Amino acid sequence: MIIDRAEVIVTSPDRNFVTLKLTTDEGHTGLGDATLNGRELAVVAYLQDHVVPLLLGRDAHRVEDTWQFLYRSAYWRRGPVTMAAIAAVDTALWDIKGKAAGMPVYQLLGGACRSGLLAYGHASGKDNEELFDSIRSHQEQGYKAIRVQTGVPGLKSIYGIASNATYEAMEGVRYDHEPAQRGALPNEEDWDTRSYLRHVPTVFEAVRNEFGPELPLLHDAHHRLTPIQAAKLGKSLEPFDLFWLEDVSPAENQEALRLVRQHTTTPLAIGEIFNTVWDYQQIIREQLIDYVRSAVTHTGGISHLKKVLDYASQYQIKSGMHGPTDISPVGMAAAMHLGLSIHNFGIQEYMQHGAKTDQVFQQSFTWEGGYLHPGDRPGLGVELDTDEAGKYPYVQAYLPYNRLADGTVHDW
Ligand code: KDG
Ligand code: MG
């Protein structure tokens, strides 16, 4: 079975998505997500100019060989652009293999280890009242685990608060769960670590008082703290029994987590901006984290993320795959198939896409009682409607960035 067509499709129904579509001489098609939020066109060029010409004529069944060929023959290894491009090829080939075999991808990965995937959603509010409403509304939608983000007194806008979003979708509709802003320049947000560290424990105390001890609660510090500040936050949140504390410090400094670990038993999740097993080598081996946050989309596809998670399983570290709106329905489906088939699944992030996105990408997954399932269609279970996709051309969009009160650029 030979790959005889490869197309890179860019569409922006509610936000930008980059999708690779491979077609074989036997008429099977496969999709792969290559969306890199705010830097989408770099992956488009990498795929179109350097990868597509290499794929035509290759045996579509040789998933691992194609991965190794693309990774090693480039000579320049790793990095988000390269690994998102390779991920898209890998995911599309798994999709094709599933369709050729007449089986959902999770069956090819070893079959289901569970009946559904526990998922968490994003509750947020600029104050506790708005946050509590958002938690209740997530519970009504079925969520059994909830990420909690709030405003901080004195800061105008801060990551993760839906009601702060100024993002305008194509027809003037605000798209709440989306930090990327359409426009020629990134938005500037403000940040103050001391206010944040003082405020966050009071919010979790209020949430526990209101919602009780059972509800699994998560929080994302989004890379903003130094190691000792991160340790302080983990310690101050211990009484509120978090499911995890995410990205407490900038992820590229793996050794920082040693210091954090020495001070707190709050479980740690990290890795949404990692792209290979080598980014995790030290923190998995030294058991410095509890959850692997990588997405299939940004970590070399199903084949490579499975290797990361198999390695993590040796240390009782579980999956917590990234699933914000910038992971396309194809990337989400890939995560669900992988999550269903591995033993060390932990939790899946699940932010719902907008209605237009769901029209462009027809999907087979189910969401019931707080659990996701990828469905049983052969392959990934996602098809892309190219006519619908064609209605929404790419729109430039950037993630925001932070400045401190004195004007210094800070991690966002
Ligand atoms: O593109 C950036 C987003 O994916 C990221 O900010 C979302 O941190 C995030 C999360 O945990 O979902
Ligand atoms: Mg995050």
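## Briefing: a metal site, a ligand and some buried residues

Apart from neighbours within four places in sequence, Gly 38 is in contact with Ala 397 and Tyr 398. Keep in mind as you look around that this is a predicted model. The magnesium ion (ligand 2) has Asp 220, Glu 246 and Glu 272 as its protein donors, and the protein covers 94% of the accessible area that ligand 1 has on its own.

- Glu 246 counts as buried because its relative accessibility is 0%, where the limit is under 20%.
- Glu 272 is also buried, at a relative accessible area of 11%.

**Ligand 1 and its shell**

- Which residues come nearest to ligand 1? Out of the 15 residues around it, these are Asn 37, His 222, Glu 272, Asp 326 and Glu 349.
- Sorted by class, the shell around ligand 1 holds 7 charged, 4 polar and 4 nonpolar residues.
- Glu 349 places a polar side-chain atom 2.4 Å from an oxygen atom of ligand 1.
- Arg 147 has a side-chain N or O atom 3.3 Å from an oxygen atom of ligand 1.
- On its own, ligand 1 has 330 Å² of accessible area, of which the protein covers 94%.

- Most residues other than glycine have a negative phi, which makes the next two worth a look.
- His 222 is not a glycine, yet its phi is positive, at about 50 degrees.
- Where does His 222 lie? Its place is in the loop between strand S8 (217–220) and helix H7 (227–237).
- At 4% relative accessibility, His 222 is buried, and it is among the residues that come nearest to ligand 1.
- His 223 has a positive phi too, of about 65 degrees, although it is not a glycine.
- The loop between S8 and H7 also contains His 223, which is buried with a relative accessibility of 8%.

**Gly 38**

- Gly 38 is part of the loop between strand S3 (29–33) and helix H1 (40–55).
- Is Gly 38 buried or exposed? With 10% relative accessibility, it counts as buried.
- Between the C-alpha atoms of Gly 38 and Asp 95, which are 57 residues apart along the chain, there is a separation of 26 Å.

**Asn 344**

- Asn 344 is found in the loop between helix H11 (329–341) and strand S13 (348–349).
- It is buried, at 6% relative accessibility.
- A polar atom in the side chain of Asn 344 lies 2.8 Å from the backbone oxygen of Leu 309.
- Leaving out residues up to four places away in sequence, Asn 344 touches Leu 309, Ala 312, Ser 313, Ile 317, Lys 318 and Ser 319.

**His 138**

- Helix H5 (residues 128–140) includes His 138, and this residue is buried at 7% relative accessibility.
- Which residues does His 138 touch, not counting those up to four places away in sequence? They are Gly 121, His 122, Ala 123, Tyr 143 and Ile 146.
- His 138 and Ser 163 are 25 residues apart along the chain, and their C-alpha atoms are separated by 15 Å.

**Gln 282**

- Gln 282 lies in helix H9, and at 15% relative accessibility it counts as buried.
- Beyond residues up to four places away in sequence, Gln 282 touches Gln 254, Glu 255 and Arg 258.

Methods:
Residues numbered from 1 in each chain as written. Chains lettered and ligands numbered in written order. Predicted model: local features only at pLDDT ≥ 70, side-chain atom pairs only at ≥ 80, totals over all residues. Heavy atoms only, no water. Donors = N, O, S within 2.8 Å, 3.2 Å for Na, K, Ca; no water. Buried < 20%, exposed > 50% of the residue type's maximum accessible area, 1.4 Å probe, protein only. Near = heavy atom within 4 Å. Polar contact = N/O pair within 3.5 Å; in protein donor to acceptor, adjacent residues only side chain to side chain. Areas by Shrake-Rupley, 256 points an atom, 1.4 Å probe, with all protein chains shown as cover. Nonpolar A, V, L, I, M, F, W, Y, C, P; charged D, E, K, R; others polar. Helix = DSSP H or I, 4+ residues; strand = E, 2+ residues; numbered from the N terminus. Contact = heavy atoms within 4.5 Å.
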